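Student: Please take a close look at a single part of this model and connect it with the rest. I would like the terms spelled out along the way.

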2 protein chains.
Amino acid sequence: MNPRAVIFDAYGTLFDVASIAEACVGITSDPARLVALWRAKQLEYSFLRALIGPAGYVDFWQVTADAFDFAAQVLDLSLSEGDRRRALEGWLHVRPYAEVSAALERLARDGRACLILSNGSPFMLDAAVSAAGLADRFTAVLSVDAVHTYKPHPRVYQLAVDALGVPAEEQLFVSSNGWDAAGARAFGYRVVWVNRAGAPTERLGFPPDATVSDLSALPLLVDHPQTEARPAEPY
Amino acid sequence: MNPRAVIFDAYGTLFDVASIAEACVGITSDPARLVALWRAKQLEYSFLRALIGPAGYVDFWQVTADAFDFAAQVLDLSLSEGDRRRALEGWLHVRPYAEVSAALERLARDGRACLILSNGSPFMLDAAVSAAGLADRFTAVLSVDAVHTYKPHPRVYQLAVDALGVPAEEQLFVSSNGWDAAGARAFGYRVVWVNRAGAPTERLGFPPDATVSDLSALPLLVDHPQTEARPAEPY
């Protein structure tokens, strides 16, 4: 592929959202279920607020808090303010996937610029990147907060083009969220979908250029396009 | 409230989406689960395609077919083309809720203009309204297809303002979908949320003016604002 830069989504792609369940132990007997409901609502609220437009925008920390409160109400949890704060702060030390550090190190050694482009608020992203010891690995950490909307709005994907002065088609966008991969492809990036869970392909009309099961294959894929073992499925 | 017109959402508000399970009997042992997955994915795809923008638009029939195929793959269903067609055609004779006909009749008798404003494609809406025997009850059936986006994009809510030449604040918007109620309120309508399922209030920042548990209370609510038994919860 030989892209001039590699743009990473954060939550689900670099960071394991399921690890936030550790911050919810003690407030529910089924932390994984709480986090699954929470994450689904967080994404839904981000889509809805972006569609409502400028009047609907609040940052991702507020979206995350709103989604948590909804999920906690669905599960009928009775929580103290301390319980709630500890759960929310789980996002500030969300755990990176095991292969992330080595993959980023290899990309850096090969001279690739690596960036993050995420829905997260700047302070959420800074905290998670620092806690994971990955701060030195990224040329820039870009947040949707600069444009007050959410993925997959095209204004978000424009941020990395503007930051680098490099056209989208010369960059590689990497996301585990199928809808984010579709949005980035619609915008014009080359796209790798990290299908960690073996999920069905999203029917959104913009299939990824390649699919991998985790990030360990990424450095080779970037250097040697013939290693694209799994071509994108036709839509 | 005394609104000059009452604008209804269709699916979930007038029509019981769960009734589409009847068109799925015989293709899965759990039709209700298929329809729940299908409906959630249908809405998610509508949000995502609207955010991607004009290049992402396909009509709601295509969105519905794409969402069905995804849900069927999640459930690992092996379906014939006939099975698939019968399931999709369930949307063309989706059943109205029991109280809908009487509520619309009462509103008509009181001289209120009633309209539909829906994500549905025009032919889907026409089919469902006709099958339910409700065609005479509506002044107009408006589809997002006229503006190639989806709710809660403001361009959709503008459609009823343009059709009637009446400002949003002089109309009443009625939806069972909490996010649709929030989008309509953000746009400027007076809003009644039909919370049929006793769902938690959506944390989107635009609470409804009133909440009812079904449409039977609507004619009284419209005529006599003091009958608003349940004021909107503070956000």
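Tutor: Buried means under 20% relative accessible area, exposed means over 50%, and partly exposed lies in between (1.4 Å probe, protein chains only). Helices (H or I, at least four residues) and strands (E, at least two) are DSSP runs, numbered from the N terminus. This is a predicted model, in which local features need pLDDT of at least 70 and side-chain atom pairs count only at pLDDT 80 or more, while totals for chains, interfaces and linings use all residues. Residues are numbered from 1 along each chain as its sequence is written, chains are lettered from A and ligands numbered from 1 in the order in which they are written, and side-chain values use heavy atoms, without hydrogens and water.

The buried residues are A:Gly178, A:Trp179, A:Asp180, A:Ala181, A:Ala182, A:Gly183 and A:Ala184. Their cover includes, from chain A, helix 1 (31-52), helix 6 (154-164), strand 6 (171-175) and strand 7 (190-194). Helix 1 (31-52) of chain B is also included in that cover; contact here means heavy atoms within 4.5 Å. After helix 7 of chain A comes A:Gly188, with a positive phi near 130 degrees.

Now the other chain. B:Asp180 sits in helix 7 (residues 178-187) of chain B. B:Asp180 counts as buried because its relative accessibility is 0%. Its side chain makes a polar contact of 3.0 Å with the side chain of B:Lys151. A polar contact is a pair of N or O atoms within 3.5 Å; within protein, one must be able to donate a hydrogen and the other to accept it, and residues adjacent in sequence count only if both atoms are side-chain atoms. Apart from neighbours within four places in sequence, B:Asp180 contacts B:Asp9, B:Lys151, B:Tyr157, B:Phe173 and B:Ser175.

As for the two chains together, chain B superposes on chain A by a rotation of 180 degrees with 0.0 Å of shift along its axis (RMSD 0.0 Å). The two copies are therefore related as by a two-fold rotation axis.

For the setting, chain A has 8 helices and 8 strands, and buried residues make up 55% of its 235 residues.

Conventions
Least-squares fit on C-alpha atoms with pLDDT ≥ 70 in both.
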